[in-house]
Amino acid sequence: MSSNIGVSHPHDSAPLHASGTAIYIDDMPEPRALLHAYIGLSTEAHARIVARDLSAVRTAPGVVAVIAAEDVPGVNDIGPSLPGDPIFADDVTEYHGQALFAVAATTREAARAAAALAVIAYEPLPAILTLDEALAREDARVLPSRLIKRGEPETAIARAPHRLRGTLRIGGQDHFYLEGQIAVSQPGEQGDMLIFSSTQNPSEIQHLVARALAVPDHNVVCETRRMGGGFGGKESQAAIPAAISAILAALTKRPVKLRLDRDDDMVLTGKRHPFRIDYDVGFDGSGRIEGIDFVLAGDCGFSPDLSGGINDRAMMHVDNCYFLENISILSHRCKTNTVSNTAFRGFGGPQGIMAIEYVMDEIARHRRRDPLEIRRLNFYGDGPRNVTPYGMAVEDNVIGELVEELARSADYAERLQEVAAFNERSDWIKRGLALVPVKFGISFTAIHLNQAGALVQLYTDGSVLLNHGGTEMGQGLFIKVAQVVAEEFGIPVERVRVSATNTSKVPNTSPTAASAGTDLNAKAAQAAAHAIKQRLAHVAAGEFGVPPTAVIFANGEVIGGRRRMRLAELAKLARMQRVSMSSTGFYATPKIQFDPVSQTGRPFYYFAYGAALAEVEVDGLTGEYRQRRVDILHDCGKSLNPAIDLGQIEGGFVQGAGWLTTEELWWDASGQLRTHAPSTYKIPAIGDLPPIFNTRIYQSGRNRENAIFRSKAVGEPPLNLGIAVFLAIKDAVMAFAASRRPCSLDAPATPERVLMAIERLRAGGAASSDEVPVPGTAAGRPPDAEAAE
């Protein structure tokens, strides 16, 4: 058995994290003559800037430089794929909190105090602040709408014995990384710029900063050793502090640090996209869906940013684990005068999965069936029931077996009866139970991003230095890639050191996102290590008198026939023979392709699966709730590092549950975000976790595709398991109505929303889904429905 692969090695920075000695950008020794920057933000959601007086800012104590749009040497735009994201607003401000100017001063306090002296005059313009307002205006789109359609959904829905229509609103989510946005820019000679950035995408920072400075890419180097969390919020948003600090550094010829405080960070940077989901579904008496129509409206904020790919992925995940033969998915990419929403763990997938899971739950309530029964009935199966709405065959489907194992091991059937019995005897406290399956596609939907590079160097003492394009944000990428390289050389993982991600070592890299960090970078590193190993095998073959194919690397030794030597000895021998022990490696994900015109193809290399069973308790007097127990079974393929993967599963679940319960973003009528600090924005705390929290890796899992050692990605898929908590709360809420009819509950399900839903049920208020009568039936039910029930 390998000592490197499938073994729970600790995170490479674990001792540093635990002792508080891990060095983040703000912990780095500050260079001589360092300046501190602060950004002046707009106080209007949509307005023309008619006057901007910065004279008092420039003359304030300690101020060295002040810049605005006209001071950008190159392009005043940091849009990651499409233009529309200015570094500084020029004539018009498009959201409350948009950057207008920046100050560099000798201290951060001086820069902040000076920024407050600016006098800005605005002419207010009409602002679009809600999704409903944006949907009412055809011109309120950041990108054209898209449609995926298969079969004849309209006909199938109309002919179905049962039909439901409804609307679900899903809120956004702030990334709330522990380390906020930060960059330090150090000018060099001849226009060079070295940027230390807390970013998931160093190459993009390099390219965007070079464009802003009007210099070639080779003048800019971006380095990232680690981030204190990212979750997608440092994919494109990190360009804001990086570009501003670099422009100030180039102007002053002094290093500049720009560190956002929590309030400014939350106001200035994008969030998870809020969605409005409208559905119209037809189904038979057993609950099998015959036709379904979705309209997904994503709140993109004021600019495109990454909204195209995010809304595309939402469309590609509304099927989740279910075969939907007749389906229409219309996606609107709506423009509002709020911050430009951006990547967040799941990248639109969670909103799509939430849509279909909500519908499944509504169907079950309407038919008075166990929701798990309805889900099983609609699962993907064998051909032809194994093709997604976008034309990709589901070839690795394990959801049926995985769900059965979880339901059995977590005593689902017994607990369902226990919850019902408890609710019968309890008037003011009700319990709810929900089991939610997940199928999540792995690959960037932007096909060109599915590539990675690495640089591996073997030294004559047998130690290895590794560099690759992936970034470490606490998820354990570095240790996993080190394990792969150690396995290739047959040495302990402690002999491999991963250096900071640096654009001067591995160029033109993709962001660490889409759960593909290990899949891509480990394969590239493996290729680089293998190239060196092959050269060494020829050296060893000559020394041992055996063919190169007979040379074995294991346990820190190189073996050929009856002879062996330490890897360090072979490395010294190779150097004496002038054999290179440095190599680059490259990997591009195979098989994937997608036609954006027909909206068909194979956008994903494979799928990751999982399921969660959540049990909650809801107080009918206050709307407060708590999780009683959670059971998770998740498919990691052949896990590279079970300890790291379990941490990702648990953390992803908690973050997903937080998104749908306590994390509420609230803008006032003027477009100002009012929940911009931990005092008003509530992420899950340790007390929110269930006292019984069982998490297991699916031991039968194996990636049928040639991913690294047959493992599967684990960064984003588990977040979707948090949907089980929301639906368990909804189940408990419905227990307060004697009729057990559906209830209206949007996300996040804050205690206030929960209490209002309970009160509506008690008062006999409107349900979330409207039953649509079918011709020839009573209230949409077949004539024999009463007898059947």
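1. Start with Cys636. Its sulfur lies 15 Å from the closest cysteine sulfur, that of Cys321, which is too far for a bond. A disulfide here is a pair of cysteine sulfur atoms within 2.5 Å. Cys636 is also buried, at 0% relative accessibility. Buried means under 20% relative accessible area, exposed means over 50%, and partly exposed is in between (1.4 Å probe, protein chains only).

2. Please keep the basis in mind. This is a predicted model, where local features need pLDDT of at least 70, side-chain atom pairs count only at pLDDT 80 or more, and totals for chains, interfaces and linings use all residues. Residues are numbered from 1 along each chain as its sequence is written, and side-chain values use heavy atoms, with hydrogens and water left out.

3. How many disulfides does the structure hold? The count is 0. Cys300 is another cysteine to check: the closest cysteine sulfur, in Cys334, is 6.7 Å from its own sulfur, too far for a bond. Cys300 is buried, with a relative accessible area of 0%.

4. Next, a sheet. Strands E16, E27, E28 and E29 form an open sheet of 4 strands in that order, with mixed pairing. Strands (E, at least two residues) and helices (H or I, at least four) are DSSP runs, numbered from the N terminus. Two strands pair if DSSP finds at least two bridges between them. E16 (429–442) and E29 are the edge strands, each with a single partner, so one side of each has no neighbour in the sheet. The twist averages 15° from one strand to the next. Axes are lines fitted to C-alpha atoms, for helices over the stretch in contact, and angles run from 0 to 180 degrees between N-to-C directions.

5. Look at the pairs inside this sheet. E27 (residues 606–619) and E28 are antiparallel, over 9 bridges. Val618 stands opposite Tyr625 in E28. E28 (residues 625–634) and E29 (residues 692–697) run parallel, joined by 6 bridges. From E28 the chain passes through helix H17 (residues 642–660) to E29, a right-handed β-α-β crossover. Right-handed means that, with the strands pointing away from the viewer, the path from the first strand over the helix to the second runs clockwise.

6. A second open sheet has 3 strands, in the order E21-E22-E23, with antiparallel pairing. E21 and E23 stand at its edges with a single partner strand each, so one side of each lacks a neighbour in the sheet. Here the twist averages 25° from one strand to the next. Helix H15 packs on the sheet and touches E21, E22 and E23; its direction makes about 130° with that of E23. Contact means heavy atoms within 4.5 Å. E21 and E22 are joined by 3 bridges, and Ile552 stands opposite Ile559 in E22.

7. Which residues of helix H16 (residues 567–576) are buried? They are Leu567, Ala568, Leu570, Ala571 and Ala574. These lie on the same side of H16, because they cover an arc of only 160° around the axis. The arc is that of the directions from the helix axis to the C-beta atoms. Partners of these buried residues include helix H14 (477–489), helix H15 (517–544) and strand E17 (451–458). Just after H16, Arg578 takes a positive phi of about 60°.

8. Finally, a loop. Ala45 sits between strand E1 (35–41) and strand E2 (47–53). Ala45 is buried, at 3% relative accessible area. Beyond its neighbours within four places in sequence, its contacts include Tyr95, Leu129, Asn337 and Ser670. Ala45 and Lys335 are 290 residues apart in sequence and 13 Å apart in space, C-alpha to C-alpha.
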